[in-house]
Amino acid sequence: MAKKKDSEKHEDGQRGGKYNKDDADANELENFVDDITDEELLGDVLQKRPKVSDGVDTVIIVDGVPQVNPERFDKLKVVITKIFAQFGKILNDYYPKSENGHTKGYIFIEYEKHESALEAVTQANNYKLDKQHTFLINLFSDYKKYNDIPEKWEAPTLQPFPERPNLQYFLSEPDAFDQYYVYNVNSHIEVWLNSNPQPTKLVEREKWTESLIMWSPLGTYLATLHKQGVVLWGGPNFTNVLKLSHRNVQFVDFSPCEQYLVAYAPLDNDEQKLTIFDIRTGAEKRSFISDAPMAGNVLRWSKDDKYFARIGHNTLSVYETPSFGLLDKKSITVNGIRDFSWSPRDNVLAYWVAEDKDVPARVVLLEIPSRKEIRANNLFNVADCKIHWQKAGDYLCVKVDRYAKIKREKGDVKYSGMYFNFEIFHMREKNIPVDSVEIKEPIHAFAWEPIGSKFAIIHGEPSNNSVSFYNVKSGQAPVLLKKLDKHFCSHLFWSPAGQYIVIAEIRDSGALEFVDTADFTTMCSTEHYKATDIEWDPTGRFVATGVSSWKTKGDTGYWIWSFQGRILNRFNTNTYCHMQWRPRPPTLLSAKQQKDTKKSLKKYTSQFETKDKMRMTKASKEVIDKRRKLIKEFEEYRSKRLEDWNKQKAERMAIRSHIDTDELDSDDKNVQVEKVEFLVKEEVTVID
């Protein structure tokens, strides 16, 4: 019989033909051991396989429910539904009953979302229905976890302590130079030290973030946003300190003391998910679903991180930490609430309520946690209000937009005869008296002095604005200190140290005016054409102005000025988008220590001046050394070229018929010298 060809053997093998045991391939198949796990081969598929908890993670078990007879069952169900429906949509509920129809004292409730079940467990656990019944609530999926607890306790293994970098190193900078980051196109990030005479680049990284980058309020962390979540960086080399998982995060907000971080991410139904993380541990503490705008700071924190609050429909909900439960387990009902703000010094909330037919608008000061109204002020003919706290919390200004006439057409409200009031609350005085300042002209900007009791406003017609400065004193109405007329401006930027202010127009011209409010002298009037951003450094010594490529397409870059308006450095680049100074925490010195330091400042002035001169001299020496090095390199290069040129003289002579033309006077026969004179300038001096 004829032998098969190799190709035919190969085809038979593919059709399922048997291998010969003598073949090497067959031996390899017999000895083959499959050492690849299913997780390694199909990890992404296995992650999506159904779990036991998938069907029960939205179910809660409520114990401590009253045991009632069939006649009272409907009333009990109405009460239970009202309590638990506030946490989310209820799909099903089940009330186990005994043979005689009495409830057994526990129920099952199924929500539409797992988040709703978690919130019900957090908020309603230990809820007192009456004196005899207190709810004890658990997730249905937790019962398996509790049943699987081993009888013999084993001590957990000791985990190695992860060494963290020094997150406050920037505060020990010997010359007190501040840092700032620069955000460039394509997420190219640079971190600079504002050293003298030229800033020093500390870090430069490509694609450091995918959307947003920001400093934490005390400057401890640098936060970057990515598709998977948030990353916090810190230390001298900006190492990865913490990763927080929150998919599609688009905005973050820190609590004032940096204990917590709130991450905002959009959902598919025009809502957003708010998740609160503990920065120290990275643990997720609580989450909310909100329909408020993405960057609206839906959660607002008290100055000590003990409380945070948010507005609901006719409700103000205040939560306490670290339990993250509702304060007193119930929200505050406030019909018509529009906005609120925490005092920067005390646990006091200021909120305002809109008018409702014959009921006037109100501004209310609410003390937390007692919920006591410490002051309320009724206002009439109110179109809108804006709440402005002074940084020290000594005063509160409520800007009130008032109208003379109102007209309602097809659901739209139109106001006419607008005028404005500033309601000033004296927070440190008995009974919190309120003073009023009325302005007939449109208000374009308002700003409190950060350290001090002055405030400034821009008012008037856009083509002819005025800037007015007022001072507030205890027991007195606000006093007009100075009015600057005919100023083309749109924004006010106070120095963090007070006294100095930049009056700016950042829409078109970029006009800048540096003013000392001690005597209201203009230190400098200049401009940064088409400036889009202005920011003071945390010490109040420098001002940065920038033209962002996000808002304009020409002359982008940023400049750094002194507080007196003297330009120090210009960085013009087509890739510039944004810059932000690194914040500093509040000083640990008492008011008396700060006052004593200012008094003895002259004693240290000579030392600072000497150090600055040495630094400038060092910089000048570096420039001189660099120039000398360049001159030396040029002279060495020139001598080599002259040597080559002299060696080629014979070749040049041969080409030029042995006529030497290397010098101007070597060939006087073919050169004609001509003198040309012309008048450059004529000056006439008349002496009487």
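Are Tyr-260 and Trp-301 buried or exposed? Tyr-260 is buried, and Trp-301 is buried as well, where buried stands for a relative accessible area under 20%, exposed for one over 50%, and partly exposed for the range in between, computed with a 1.4 Å probe on protein chains only. The model is a predicted one, in which local features need pLDDT of at least 70 and side-chain atom pairs count only at pLDDT 80 or more, while totals for chains, interfaces and linings use all residues. Residues are numbered from 1 along each chain as its sequence is written, and side-chain values use heavy atoms, with hydrogens and water left out.

The protein chain has ten helices and 43 strands, these being DSSP runs numbered from the N terminus, with helices (H or I) of at least four residues and strands (E) of at least two. Of its 688 residues, 39% count as buried. Among the contacts in the chain with a separation of 6 or more, 43% are accounted for by residues 24 or more positions apart, a contact being heavy atoms within 4.5 Å.

A nonpolar core is a set of buried Ala, Val, Leu, Ile, Met, Phe, Trp, Tyr and Cys residues joined through side-chain atoms within 4.5 Å. This core holds 20 residues, of which Ile-60, Val-62, Ile-80, Phe-84, Ile-109, Tyr-111 and Phe-135 touch the most other members. At least two core residues come from each of β1 (59–63), α5 (70–84), β3 (106–111), α6 (114–124) and β4 (136–139), and the largest share, five residues, is supplied by α5. Ile-60 has contacts, leaving aside its neighbours within four places in sequence, that include Phe-84, Ile-109, Tyr-111, Ala-117, Val-121 and Leu-139. Apart from this core there is a second, separate one of 18 residues, which includes Ile-387, Trp-389, Val-398 and Ile-432.

Within α5, Phe-73, Leu-76, Ile-80, Ile-83 and Phe-84 are buried. An α-helix has 3.6 residues a turn, so residues three or four places apart point the same way. The buried residues of α5 pack against β1, β2 (90–94), β3, α6 and β4.

A search of the whole structure finds 40 aromatic pairs, in which rings of Phe, Tyr and Trp (its six-membered ring) have centres within 6.5 Å, with planes under 30 degrees apart counted as stacked, over 60 as edge-to-face and the rest as tilted. Tyr-260 and Trp-301 form a stacked pair, with 5.5 Å from centre to centre and 10 degrees between the planes. This pair links distant parts of the chain, since Tyr-260 lies in strand β13 (residues 260–266) and Trp-301 in strand β16 (residues 300–301), 41 residues apart. Phe-455 and Tyr-470 are likewise stacked, at 5.2 Å centre to centre and 10 degrees between the planes. Phe-455 is in strand β32 (residues 454–461) and Tyr-470 in strand β33 (residues 464–471), so their pair ties together parts that are 15 residues apart in sequence. Both Phe-455 and Tyr-470 are buried. Ring pairs also link Tyr-180, Trp-192, Tyr-558, Phe-571, Tyr-576 and Trp-581 into a cluster.

Strand β32 leads on to its partner β31, with which it pairs in the antiparallel sense over five bridges; strands count as paired if DSSP finds at least two bridges between them. In this pairing Ile-443 stands opposite His-459 of β32. The two strands form a hairpin with five residues between them, and Gly-452 in the turn has a positive phi of about 140 degrees. Five of the six residues of β31 (residues 443–448) are buried, so this strand is largely enclosed by the rest of the structure.

A contrasting position is Lys-391, in the loop between β25 (382–389) and β26 (395–402). Lys-391 is exposed, with a relative accessible area of 54%. Its contacts, leaving aside neighbours within four places in sequence, are with Pro-344 and Pro-450. Lys-391 and Glu-449 are 58 residues apart in sequence and 7.9 Å apart in space, C-alpha to C-alpha.
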